[in-house]
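Here are my notes on this model, point by point. Please read them with the coordinates open.

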Amino acid sequence: MAVSSEKDIRKQFGERLRYLRGIRKLSQEDLAHLCNLDRSYIGGVERGQRNVSLLNIKKIADALCVSPREFFDE
C-alpha cells in the first residue's frame with residue numbers, strides 16, 4: 001500500500017469520526033473523556049495524523065454508540 005493511500009484512509013476515518021461526533025453534539029474533550037483518551041489524540045485522529053489502533057477504534061465506537069463498521073461505511 002502506498003503512503004499517500006494510507007494517509008487517505010486515515011483522513012477518511014478522521015472525517016467520519018468528526019461527523020459522527022458532531023451528530024452527537026460532543027466536543028473532542030467530551031469524546032476523549034468518554035473513551036479515556038487524550039483530547040489531543042482525538043484531534044490527531046480527526047485530522048488524519050494518527051494511525052488509530054483497533055482497540056481505540058472500539059473505545060471510540062462504544063463511546064459514540066455505533067459499530068466500528070460505521071467508520072468505514074460511506
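Predicted model: local features only at pLDDT ≥ 70, side-chain atom pairs only at ≥ 80, totals over all residues.

Where does K25 lie?

1. **K25.** K25 lies in the loop between α1 and α2. Phi of K25 is near 55°. That is a positive value in a residue other than glycine. K25 is exposed, because its relative accessible area is 74%, over the 50% cut-off.

2. **C65.** The chain has another positive phi to check. C65 has phi near 60°, and C65 is not a glycine either. C65 belongs to the segment after α4, the helix of residues 54–64. With 70% relative accessibility, C65 counts as exposed.

3. **G48.** Here the positive phi belongs to a glycine. G48 follows α3, and its phi is near 75°.

4. **Overall fold.** The chain has four helices and zero strands. From the N terminus on, the order reads α-α-α-α. Helix α1 covers residues 3–23, and helix α2 covers residues 28–35. Helix α3 takes in residues 39–46. Helix α4 takes in residues 54–64.

5. **Dimensions.** Along the principal axes, the C-alpha atoms fill a box of roughly 35 × 25 × 20 Å.

6. **Contacts and burial.** Take the contacts between residues at least 6 apart in sequence: 53% of them join residues at least 24 apart. Of the 74 residues, 38% count as buried.

7. **Surface and charge.** The accessible surface comes to about 5,000 Å². Carbon and sulfur atoms account for 50% of that surface. The chain carries 14 positive and 11 negative charges. Their mean positions are 2 Å apart.

8. **Helix α3.** Why is α3 described as largely enclosed by the rest of the structure? Six of its eight residues are buried, and the description follows from that count. The buried residues are Y41, I42, G43, G44, V45 and E46.

9. **E46.** E46 lies in helix α3. E46 is buried because its relative accessible area is 2%, under the 20% cut-off. Leave aside the neighbours within four places in sequence. E46 is then in contact with G14, E15, L17, R18, R21 and Q28.

10. **Q28 and its partner.** Q28 has its place in helix α2. Which side chain does the side chain of Q28 meet in a polar contact? The partner is the side chain of E46, at 2.9 Å. Q28 is buried too, with a relative accessible area of 17%. Residues up to four places away in sequence are again set aside for the contact list. Q28 touches R21, R39, I42, G43 and E46.

11. **R16.** R16 is part of helix α1. Is R16 buried or exposed? R16 counts as buried, because its relative accessibility is 19% and the cut-off is 20%. The side chain of R16 reaches the backbone oxygen of E70 at 2.7 Å. Not counting residues up to four places away in sequence, R16 touches E70, F71 and D73. For a distance check, take R16 and R50. These residues are 34 apart along the chain, and their C-alpha atoms are separated by 14 Å.

12. **A61.** A61 is found in helix α4. A61 is buried, with a relative accessible area of 0%. Which residues is A61 in contact with, leaving aside its neighbours within four places in sequence? They are V66, S67, P68 and F71. F71 is also among the residues that R16 touches. A61 and L17 are 44 residues apart in sequence. Their C-alpha atoms are 9.0 Å apart in space.

Technical notes: Residues numbered from 1 in each chain as written. Heavy atoms only, no water. Helix = DSSP H or I, 4+ residues; strand = E, 2+ residues; numbered from the N terminus. Buried < 20%, exposed > 50% of the residue type's maximum accessible area, 1.4 Å probe, protein only. Contact = heavy atoms within 4.5 Å. Areas by Shrake-Rupley, 256 points an atom, 1.4 Å probe, with all protein chains shown as cover. Lys, Arg positive; Asp, Glu negative; His and termini not counted. Charge placed at Lys NZ, Arg CZ, Asp CG, Glu CD. Polar contact = N/O pair within 3.5 Å; in protein donor to acceptor, adjacent residues only side chain to side chain.
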